[in-house]
Amino acid sequence: MRILLTNDDGINAPGLYVLEKIAAQLSDDIWICAPSEEQSGAGHSLTLTRPVRMRQHAEKRFSVTGTPTDSVTMGLRKALPGPPDLILSGVNRGANLGDDVTYSGTVSAALEGALAGIRSIALSQVPSREDLGDGVDFAAAEAWGAKVLRPLLDQPFAPRTLVNVNFPALPADAVKGIRVVRQGFHDYARGSVVEGRDPRGFPYYWFGLHGIEHTPGHNTDLEAIAEGYVAVTPLQLDLTHDASLQALAQRFA
């Protein structure tokens with residue numbers, strides 16, 4: 001089984017090395033094509049206004065001066081000798097839960113793989129409030145990664161779908177298990193914008209990643225993580241709101 005690894009934290013991110021360890025439990029044909037620099041929050045963006053460059057660091061290891069979407073595209077079209085059987089994106093340093101999947105470069109890399117018809121899975125490690133930046137503990141992801149992936153290898157994926165996996169901020173032996181849940185949603189009205197001034201006296205604004213309230217349902221990724229479970233969520237690329245089609249069609253009849 002040929003596996004392509006990518007991420008949005010960059011080619012040197014600790015989570016990518018964790019993903020290599022996880023993938024090595026599944027195959028010995030592992031390829032890497034990841035952004036050369038961190039691309040968190042890039043979403044499903046594609047670089048169109050400047051050239052993209054690809055650098056080979058070692059056998060089967062490449063970086064791309066672009067987004068996670070660019071990295072998957074270059075991996076499939078230029079780096080790999082043939083299409084992979086599986087694309088794994090992550091392990092992200094931070095949660096990708098609820099509405100955040102629309103911003104996530106990690107999830108979007110898997111989305112690009114799904115568009116190409118390849119089984120694709122995004123993996124993210126939820127950090128504790130104390131362990132941020134380089135202090136994020138990936139122990140839960142490292143211990144539970146292969147346990148989550150193996151059942152998905154033989155599971156048929158519907159066309160244009162992917163799976164989003166989040167690991168709770170717990171020691172590996174404290175994780176309660178795995179739950180398959182739907183996507184939750186956040187209350188972004190409670191998000192933060194940090195204002196400051198640069199050394200020249202001009203104002204700047206920094207979007208905060210904290211202070212956003214979430215509204216878990218009875219069976220969402222947010223609730224599963226809060227209760228100490230690995231959250232597994234199938235996502236689809238079709239954003240059409242079917243319930244509105246008939247009402248809108250009547251408006252234009």
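1. Contact here means heavy atoms within 4.5 Å. The model under discussion is predicted. On that criterion, and not counting residues up to four places away in sequence, Asp 8 touches Pro 35, Glu 37, Glu 38, Gln 39, Ser 40, Gly 41, Pro 68, Asn 92, Ser 104, Gly 105 and Thr 106. Asp 8 lies in the loop between strand E1 (2–6) and helix H1 (14–24). Because its relative accessible area is 2%, Asp 8 is classed as buried.

2. The UniProt record, an unreviewed entry, assigns the feature "binding site" to Asp 8, Asp 9, Ser 40 and Asn 92. These positions are spread over 85 residues of sequence, yet they cluster in space, with a largest C-alpha distance of 9.0 Å.

3. Asn 92 belongs to strand E5 (residues 86–93) and is buried as well, at a relative accessible area of 7%. Apart from residues up to four places away in sequence, Asn 92 touches Asp 8, Asp 9, Thr 106, Leu 123, Ser 124, Gln 125 and Phe 138. Its side chain reaches the backbone oxygen of Gly 94 at 2.9 Å.

4. The largest nonpolar core comprises 31 residues, and Leu 5, Leu 88, Ile 121, Leu 123, Val 165 and Phe 167 have the most contacts inside it. Elements that each supply at least two residues of this core include E1, E5, strand E6 (119–125) and strand E7 (161–167). Helix H4 gives the most, with 6 residues. A second, separate core of 12 residues includes Leu 4, Val 72, Ile 87 and Ala 109.

5. The whole structure contains 6 salt bridges. In one of them, the side chains of Glu 20 and Arg 61 meet at 3.0 Å, N to O. This pair links distant parts of the chain, with Glu 20 in helix H1 and Arg 61 in strand E4 (residues 61–64), 41 residues apart. Glu 20 is partly exposed at 23% relative accessibility, whereas Arg 61, at 14%, counts as buried.

6. Asp 29 and Lys 60 also form a salt bridge through their side chains (3.1 Å, N to O). Asp 29 is in strand E2 and Lys 60 in the loop between strand E3 (54–58) and E4, 31 residues apart. Asp 29 is buried at 17% relative accessibility, and Lys 60 is partly exposed at 22%.

7. Glu 227 and Arg 179 form a salt bridge whose closest N and O atoms are 2.9 Å apart. The pair joins the loop between helix H5 (221–226) and E13 to strand E8 (residues 177–180), 48 residues apart. Both partners are partly exposed, Glu 227 at 32% and Arg 179 at 26%. Elsewhere, salt bridges that share partners join Arg 2, Asp 29 and Lys 60 into one network.

Notes: Residues numbered from 1 in each chain as written. Predicted model: local features only at pLDDT ≥ 70, side-chain atom pairs only at ≥ 80, totals over all residues. Heavy atoms only, no water. UniProt positions renumbered as here; feature names shortened; annotations may be inferred. Helix = DSSP H or I, 4+ residues; strand = E, 2+ residues; numbered from the N terminus. Buried < 20%, exposed > 50% of the residue type's maximum accessible area, 1.4 Å probe, protein only. Polar contact = N/O pair within 3.5 Å; in protein donor to acceptor, adjacent residues only side chain to side chain. Core = buried A, V, L, I, M, F, W, Y, C linked by side-chain atoms within 4.5 Å. Salt bridge = Lys/Arg side-chain N within 4 Å of Asp/Glu carboxyl O.
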